[in-house]
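Here is a guided reading of one protein chain. Keep the structure open and follow each stop in turn.

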Amino acid sequence: MKKKVKLKGRLKNYILSPVLLTILLVLINIPMYFYRVDAGLAVSFFVVVYFIIVFTNYQKKKPLFADEIIDFATQYGTVQKKLLNELDIAYALLDYNGKIMWLNEKFAEVTGKEKDYHKSVTSLFSHITKEIVQKNQNMSQLHINLGDREYRAQLKRLDFASITPENELVSVEDNGEFLTALYLYDETQLNRYMRDYDAQKLVAALVYIDNYEEVLNSVEDVKQSLLIALIDRKVNKYFTNMDGLVRKVEKDKYFVVFRNMYLAEMEKDKFSLLEEVKTVRVGNEIAVTLSIGIGNTGDTYTQNYEYARMAIGLALGRGGDQVVVKEGECITYYGGSSKQVDRNTRVKARVKAHALREIIESRNHVIVMGHHIADIDSFGAAIGVYCAGRVLDKKVQIVLNEVTTSLRPLKERFSEENGYEADMFIDSEQAIELTDSHTLVMVVDTNRPNYTDCPEILELTKSIVVFDHHRQGSEVVENPILSYIEPYASSTCEMIAEVLQYFTENIKFTPCEADAIYAGILIDTNNFMQKTGVRTFEAAAYLRRCGAEVTRVRKMLRNDMADYKARAEVMRQAEVYRGAFAISVCPANEVESPTVVSAQSANELLNIIGIKASFVMTEYQNKIFISSRSIDEINVQMIMERLGGGGHLNIAGAQLPDCSIEEAKTRIRTILDEMIEKGDIER
């Protein structure tokens, strides 16, 4: 870059000041001729002599003056260069193309190059390319490794105008290019200390025995102490090997503290304690299962404990027998692949029934809503809540935006001709208008706010109740005053039927109300063939006593010919992936409710020998809806969670916006491959 330097400003005026004084003397000399001519001539002679002397001196002294300035600048620059050369920070100067123009001793020492090394900086650091140098604005930072050392590389753009700015002494003409200063800061020790600090940070964990009472009741009294001692030993041994501190805070609860450095080791073996504790056998017919909630990366240890408390809540809400690790907003799940065990106790149902009654009694208006594209389970649960409100003389309205073909026969029975209010069913717009801070909003058959028929009303009131049988995920309804999430239940209708038994004495149902709740259980259990337990049949028997008619329900649940043809097409197009997974597509144009047909088809695919899990996709409302089913070998919930969905171990689903059918198939295959390789799915 060629530069042209010239004198200007005060320096130029200082050098030319004698010449300027000559002009002043000439001006003074002119009036002298008006007074005396001889005096004027004498002064003129003096001015000429003065000008000759000044001009001669200027011509002789100017080079010497410039040499002195240059010599001073050279000495000053030499001092600066010496200081920069001996600077303890590695420093190099790059040209516009990233070529090294100059480097100091520290930079040469770090890189092992000589002082006359003038090649591209990319030859030293592959991350620092010509494009990065030229696009660099100012103070860009990169983290690079050189040997066993870790450096923070800082690039600083040096425009020539900033190096020699316009001033009163010189002016600079530049061609638009710039230099780049490269600093290397050795952060090896700092990073090592930071890693050591992170490794030594304490992690909080809560360990709960899921089925404490059930396991104890399954063994003889004399062996109960031995069983508890063996469980304690397993828990203490596992965490003691990780240098952890274990304290039993209740008969079935432990508080654990261990260092962060061991968390990765636990995750690597997928928390083998979950399987080890199941080996405890002293005559118990039921295997012991644990739920573990771990909190990490909090700003304080108190916050880590809060994370652990939220994590254990998620683990229990998802059915137990799993580990949930909460690190800030990031939540990771481990385990949860075992079959859930039905709990025979009804204590929780009775407690929730009394709490729900008190809440409804304190409100004048109740709005019930299920998930988007309501199914028979969410509809039947909403009808059950309607019956509870009617007993207490409270107005209950149900949000229902879309009525599918399978739901229409049930919904049509709740008409004005049969004695029901015209505004019993409302849409989202009406719900928003009717909801205020005193309205009770009850969410059934889902615990995700974005899956509800009208998420907006959840922001309009603080009185929210959630009843659901799906496992919880990271996205949940915030701050409900009552939450009853029971993954062991077959359906939300089963939960509602249990609650209504304790809600009030001799509650009455009309035949269509009993049919609707019974139909919800029937559909979600696939005619009592999936996820059924003692409480499922007890709830069905209770509804039968209340007037539900099996034959009547069966007639309402019949499919039309178009649905049968669509299901046949699903079976025809099904492909078997890796010999165990059926993947197919449900045609959406030929049926009114393709999501319902997809779920039915996924169930039917399981009837094929060798199929462990089925996945049926359909395109509906600009989304890809996926229904997944399994019998007992594959946890389809874990698969659907990786697609942003959820559900149960045997029944799950997901919704994929901005996605095509082929892309959805590819994503499912990829997830299956990854889970098989990692051992999350056993073939």
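Patches are made of residues with over 30% relative accessible area and no salt bridge; like charges are joined within 9 Å, and nonpolar side chains (Val, Leu, Ile, Met, Phe, Trp, Tyr) within 5 Å. Accessible areas come from the Shrake-Rupley method with a 1.4 Å probe, and for residues only the protein chains shown count as cover. A salt bridge is a side-chain nitrogen of Lys or Arg within 4 Å of a carboxyl oxygen of Asp or Glu.

This is a predicted model: local features need pLDDT of at least 70, side-chain atom pairs count only at pLDDT 80 or more, and totals for chains, interfaces and linings use all residues. Residues are numbered from 1 along each chain as its sequence is written, and side-chain values use heavy atoms, with hydrogens and water left out.

Start with the surface. Leu20, Ile23, Val26, Leu27, Ile30, Phe34 and Tyr35 form a nonpolar patch there. Together they have about 820 Å² of accessible area. Tyr35 lies in helix α1, residues 9-35. Helices (H or I, at least four residues) and strands (E, at least two) are DSSP runs, numbered from the N terminus. Is Tyr35 buried or exposed? Tyr35 is exposed, with a relative accessible area of 72%. The cut-offs are under 20% for buried and over 50% for exposed, with partly exposed in between (1.4 Å probe, protein chains only).

Next, the aromatic rings. Rings of Phe, Tyr and Trp (its six-membered ring) pair if their centres lie within 6.5 Å; planes under 30 degrees apart count as stacked, over 60 as edge-to-face and the rest as tilted. By this rule the count comes to 18 aromatic pairs. One of them is stacked: Tyr183 and Tyr185, at 6.3 Å centre to centre and with 20 degrees between the planes. Tyr183 counts as buried, at 19% relative accessibility. Tyr185 is partly exposed, at 23%. Elsewhere, ring pairs link Phe379, Tyr386, Phe414, Tyr420 and Phe425 into a cluster.

Charges also meet rings. A charge sits over a ring if NZ of Lys or CZ of Arg is within 6 Å of the ring centre and within 35 degrees of the ring normal. Arg357 has its charged end over the ring of Phe503, 5.9 Å from the centre. Arg448 lies over the face of Tyr451, 5.3 Å from the ring centre.

Now the salt bridges. Side chains of opposite charge can pair when their charged atoms come close. The count comes to 23 salt bridges. Lys248 forms one with Asp232, the closest N and O atoms being 3.2 Å apart. This pair links distant parts of the chain: Lys248 is in strand β7 (residues 245-250) and Asp232 in helix α8 (residues 221-240), 16 residues apart. Lys248 is partly exposed at 38%, whereas Asp232 counts as buried at 18%.

Arg567 forms a salt bridge with Glu604, with the closest N and O atoms 2.1 Å apart. Here too distant parts of the chain are linked: Arg567 in helix α20 (residues 561-573) and Glu604 in helix α21 (residues 594-605), 37 residues apart. Arg567 counts as buried, at 10% relative accessibility. Glu604 counts as partly exposed, at 25%.

Stay in helix α20 for another pair. Arg572 and Glu569 meet in a salt bridge, 2.6 Å from N to O. They are three residues apart in the helix, so about one helical turn separates them. Arg572 is exposed, at 61%. Glu569 counts as partly exposed, at 23%. In a further group, salt bridges that share partners join Glu250, Asp252 and Lys253 into one network.

Finish with the sheet. Two strands pair if DSSP finds at least two bridges between them. An open sheet of six strands has the order β18-β19-β20-β21-β23-β22, with mixed pairing. β18 (575-577) and β22 (646-647) stand at the edges, each with a single partner strand, so one side of each has no neighbour in the sheet.

Strand β21 (residues 623-630) is mostly covered, with seven of its eight residues buried. Eight bridges join β21 to strand β20 (residues 613-620), and the two run antiparallel. β20 and β21 form a hairpin with two residues between them. In the turn, Gln621 has a positive phi of about 55 degrees. Seven bridges join β21 to strand β23 (residues 651-657), again antiparallel. Gly646 has Gly653 in β23 as its bridge partner.
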